[in-house]
Amino acid sequence: MGQTITVTVNGTAHTAEVDPRTLLVHFLREQLTLTGTHIGCDTSTCGCCTVHLDGEPVLSCSVLAVQADGCAVRTVEGLAEGGELHPIQQAFHENHGLQCGFCTPGMMMTGLGVIEQNPNAADEEIREALEGNLCRCTGYQNIVAAVRSAADQMARS
Amino acid sequence: MATVERKTGGGIGEAVLRKEDRKFVTGEGRYVDDLRLPGMLHAVFVRSPFGHARITGIDTAAAEALPGVHRVLTHATLPAETGVLCASNPPGSDVRQPEQPLLARDEVRYVGEPVAIVIADDRYLARDGADLVHVDYDPLPVVCDAEAALADGAPLVHSEYPDNAAATLFHETDGFAEALAGAARTVELRVVNQRVTPMPMETRGCIGDWQQSTGEVTLHTSTQVAHFVRTFISFVCGTSEAKVRVVTPDVGGGFGAKLNTYREEFAVCSASRVLGVPVKWIEDRSENAVATIHGRDQIQYYTAGVDESGRIVALKLEAFQNNGAYHQLLTPTISHLTVFMVPGCYDIQNISIRMRQAFTNTTPTDAYRGAGRPEATHGIERLMDAIADDLGLDAAEVRRVNFIKPEQFPYSSSTGLVYDSGDYDTTLDEALRLADYAGFAARRAASEANGRYRGIGLSTYVEVCGLAPSAVTAAIGVGAPGWEHSTVRLHPTGKATVITGTSPHGQGHATSWSQIVQTELGVPFEDVEVIHGDTAFQPYGLGTYGSRSLAVGGVALYRSLGKVREKAREIAANLLECSVDDLEWTGSSWQVKGSPDRAKTIQELAGAAWAASSMPEGVEPVLEATTFHDPPNFTFPFGTHVCEVEIDPDTGRVEIVNYTAVDDCGNVINPMIVDGQVHGGIIQGLGQALYEETVYGEDGQMLTPTLVEYLVPSAADVPPMTLARTTTPSPSNPMGVKGIGEAGTIAASAAIVNAAVDALSGLGVRHLEMPMQPARIWNVIQEATS
C-alpha cells in the first residue's frame, strides 16, 4: 500500500509513507502541513500550486509525491530567511502585487524561476513567463512590476 | 497623474503599503482548506450529470461499504427544515420561488445539482465513494436559453410553472410612447451580455462543526457575508441563530461568487450534526464551474428615439435575464439593478423597460462583480456608438449631448434613483487627452499601412454603489437591510481594535481602516488591528459586495471614531479641569486652546477611561463606541475608459494597444489600493469582452467546465493600463467617498467592444458580440470581406 519516500523540503529532509496516488501538493499541504502552497484548479491550469523541484518551477498538482522521492522541494515557506523577506516577497509587498493572496505563493515561485533563468527579462517576457499562473484580483500590472523590481533588486545584491 | 509615494504607514489619502501582505507572501495565510479540526472528515458531493432528469433511484450501498467511507447522505437522510432561501422578492414582479432542497429530491434541473454527499476519512476516499454511488436518472427535455425558455412550448424547468417565467420587472415613465413616436429617428440594437463565471482563484469551501452536547454549530466558510450565512443556517438547519457561529478565514477572492448562501454550507452543518464530527468540503475547480453561481446572461433589445444631435428623447429596453434553475440569495434583484442603471450617465427622461426573467436548466445566476450594472453599462454604451454611427457623429460628442450636467445634481433619474454628484464632461475630457483621442486618425492610418485594423472605443459610465439605504432595499423587495456596523475599542495601552461588519477578501480593509483611525483618532496605523468576518465578534455585519465597504462600513467606522473622540474630550476636560468648549483637537490629543502644555493624548485618555478613577459624572468607563450606519442614499462613482485596439486580419486576434481609465470615486483613502481595484476590475471586464463565456450545449451539458475551456486572462493576455482620477466627493456621507470595487468591470467591456467595432467599421461591421475570441472576429472579417 504505502510507499516510503524521502523529500528535502526547504532544506529539511522528510521521510514519510505515502499512498502512491498522493499528489505532491497534498503531501506538502496535508502530511507536512505546509499550507502556503495552494490548489486553484484540477487541470494544471492555474499555477497556484507552483513549487520548485530541484530548482525548477513545477505544478505540484501534476507531480506524484513518489516522483519527488530523493528530490529537493522549495515552497513559499522556504523563501524568507531569519525573518527577512526574500526580495520577491518584498517586491510583491512594495508593488501591491497581491490582493486576496491566494495565487501569490505560486506566482512568486514562478516569478522567481523567471528571474533565475533570465535576470534581464523584459516586461513582455515576464508576462509570457507568468502565463501559466492565473490571478483574478490584480490585473497583473503590479505583479509584473513586482517581478521586475525583484529582478532588479536581486541583480544588485 | 503623478505617482504617489508608497509608505509603510499613514493616514487618509496616502499610498500605504498593506499590513495584510506579510502573512500572504510568507504562506501564513489561513484559507479554509488550510484549517483542520480534530476528528474532521471530508465530504464530496455527487452531482447531476444531466441538465434535467427525474431521479428514479439512488443506491449508496457500494459506496458505504468502501473502507474509509463513513456515510452517504441523500435528500431522504440529510436533515433540513427547508431548502436554500432567496432573499429577493421584487414587488409587482410576480416572482416565483421554487423549492431548492439541499440535495435533489426527485428531480435535477441543472448539471452539477447536488444529489448525495459522501463523507469519508480523506478527500481521496470520499471521491472514491462518490464514484460508487449509483443514481438512476430518466432524462427530461432541457432548455438553457432565456428567450427560448419563455417561448411557447418550451420544456418546463419546474412543472408547476407552465411558462418558465421567474419574474418580470416593468418600468415606464408617463408619456413614453408619445416621446418615442415623436422622435426624429430611431436606432435599434440587440446586445447579448453572455454568461460568465466569477472564478475566484480560491474555490468555495467550508467546515461544519456541530457540537452534539450543546447544539452549537460553527461553520468556517469562504464567504463575503458571514452574517447572512449565520441567519440562514438557523432557518435551514432549524436551530437558534444564537447557537450558530460563522467564521470567515482568509478568503481567496469572491467577486460575488461568495455573496451567497449555498446548499453545501448548510449540508456540511447537517452532515456534522448527523456524524458528530466536523465535516470539511472543498470545491474542485470543475465543481466550481457548475456549483457556484454564474453571472450576466442577459439579452437586450434597445430602441432609442433620438433627435438629429444624437440626443435620446426616449429609450426602450426589452430584456431577457437567464436566472438559471433556481433562485439563489439575490437572483431576481440582479437584473433589477440593470433596470435602475439603464439610462447610465445620460439625461433620458422618457424610458420603458421590461426585464423578463426566466428559469432554465442551468446553474443559477446571481451577483458577479458589477451585478446587473455591467449589463446596463455595456448596453447603453454600445447604443451610444450605434447612435453616433447612425447619425455620422463623433462618439464622444453624442455622449456629451446626452450627459447629465454638473448643475443637475442631485439628479433624479427616470428609473427612480437620485444620483449624488458627478462631472462627466471632466472625466471624458481627461480620458480623451490621456488617450490622445485627437491623434487617433494618424495611428489608424499607420496601422492600416501595416495591414491591421485599428479602432478606438469609449465607455462613459456611472454606477450605483454603496449598497444600500435600508428603506430602499425593503422597497425593492430585498429581505435584508443595507446598513453596516463598526466598533472601535481603545485598550488601556492606547492600542486600538476595530471590529467591522465588512468582509474583505483582497480589498485591504485592515490597511484602509487603520489609515482612517490614524487620521481621525491619532492612533498610529501600526497600533490598529482590524477584526472582520466572525459572527462571534460582531453584533451583525452585512459584508462586502456592491462597492459598499468604504461608503457604508468605512463611514460607520468614521462615525464610531467621532464618538470615541468626543467621549475622550469629556474625560480630558475633567482631567484638565476645564470645559469641553475650552479644548481643541490636535489630531492625536485634546489640548486647552492655545496651551500645548495642557493636553492629553488619545492614548492617555484611553488609559484614564479604562482606569475610570476620575471620570466625569455620567460618563461610562472605557473608550469604545459602536455605530450602525444606514446610508441616506447610494453613491454614484463614474468615469470614462478609452480603449484602443489593433486587429490582425489573419488571426482575428483583438490586441489592446492602449487602455486609459479616468475614474471618479470621490475622496480616496488609499490610492494604491484604489488603483489595484481598478486594474483588477478592468481585466475582469476585458475577460468578458475578449475571452470568457460559460457555454451550455443543447443537451444541457456544460461545455466550459474547467480553466482549459473557460479562458481567464493571463498576464500575457492583457495590456498595461494608464489610470487617472478626478475627485467629486459624494455629499451623501461625511467622508465624501463613493466606492471603486466594481468600476473597472462595469466600464471595460463596452470600451473594448466599441474599439473593436470601430476598427472593423470600415468593413461595414456595426456590432460585435462578446467574447471577441479570434475565431469569431476572423469569421466576421471573412464575411465582411468576401
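Chain B is divided into domain 1 (32-140 + 203-251 + 258-291), domain 2 (295-467 + 633-785) and domain 3 (483-629), with bounds that come from an automatic or database domain assignment. The structure is a predicted model, in which local features need pLDDT of at least 70 and side-chain atom pairs count only at pLDDT 80 or more, while totals for chains, interfaces and linings use all residues. Residues are numbered from 1 along each chain as its sequence is written, and chains are lettered from A and ligands numbered from 1 in the order in which they are written.

The centres of domain 2 of chain B and domain 3 of chain B, taken over C-alpha atoms, are separated by 40 Å. The contact between these domains takes 18 residues from domain 2 of chain B and 16 residues from domain 3 of chain B, where two residues are in contact if their C-beta atoms, placed from the backbone, lie within 7 Å. On the side of domain 2 of chain B that touches domain 3 of chain B, ten residues are nonpolar, six polar and two charged; in this division Ala, Val, Leu, Ile, Met, Phe, Trp, Tyr, Cys and Pro count as nonpolar, Asp, Glu, Lys and Arg as charged, and the others, Gly among them, as polar.

An open sheet of chain B has four strands in the order 23-22-21-27, with mixed pairing. Two strands pair if DSSP finds at least two bridges between them, and the elements themselves are DSSP runs numbered from the N terminus, with helices (H or I) of at least four residues and strands (E) of at least two. Strand 23 (528-532) and strand 27 (624-629) of chain B are the edge strands, each of which pairs on one side only. From one strand to the next, the twist averages 15 degrees. Strand 21 (residues 484-490) of chain B runs antiparallel to strand 27 of chain B and is joined to that strand by six bridges, and Thr487(B) stands opposite Thr626(B) in strand 27 of chain B.

Ile499(B) belongs to strand 22 (residues 496-500) of chain B. With 22 other C-beta atoms within 10 Å, Ile499(B) is buried; a residue is buried if 20 or more other C-beta atoms lie within 10 Å of its own, exposed if 12 or fewer, and partly exposed in between, with C-beta atoms placed from the backbone. When residues up to four places away in sequence are not counted, Ile499(B) touches Ser486(B), Thr487(B), Ile531(B), Phe537(B) and Gln538(B). Lys243(B), by contrast, has 17 C-beta neighbours inside 10 Å and therefore counts as partly exposed. Lys243(B) is placed in the loop between helix 6 (226-237) and strand 13 (244-247) of chain B, and its contacts, again leaving out residues up to four places away in sequence, are Gly215(B), Glu216(B) and Val217(B).

Helix 16 (residues 549-576) and helix 17 (residues 602-611) of chain B pack at an angle of about 85 degrees, and their axes are 10 Å apart. Axes are lines fitted to C-alpha atoms, for helices over the stretch in contact, and angles run from 0 to 180 degrees between N-to-C directions. The two helices of chain B are therefore roughly perpendicular to each other, since angles of 65 to 115 degrees count as roughly perpendicular, those under 35 as roughly parallel, those over 145 as roughly antiparallel and the rest as oblique. Helix 16 of chain B contributes Ala568(B), Ile571(B), Ala572(B) and Leu575(B) to the contact, and helix 17 of chain B contributes Ile602(B), Leu605(B), Ala608(B) and Ala609(B). By class, this contact has eight nonpolar, no polar and no charged residues.

In chain A, the domain assignment gives domain 1 (3-78) and domain 2 (87-156), and the centres of these domains, taken over C-alpha atoms, are 21 Å apart. Their contact takes 14 residues from domain 1 of chain A and eleven residues from domain 2 of chain A. An open sheet of five strands in chain A has the order 2-1-5-3-4, with mixed pairing, and its edge strands are strand 2 (12-18) and strand 4 (56-59) of chain A.

The contact between the two chains takes 44 residues from chain A and 42 residues from chain B. The side of chain A that touches chain B receives two or more residues from each of helix 2 (87-94), helix 3 (104-117), helix 4 (123-129) and helix 5 (141-156) of chain A, and the residues of this side divide into 20 nonpolar, 16 polar and eight charged.
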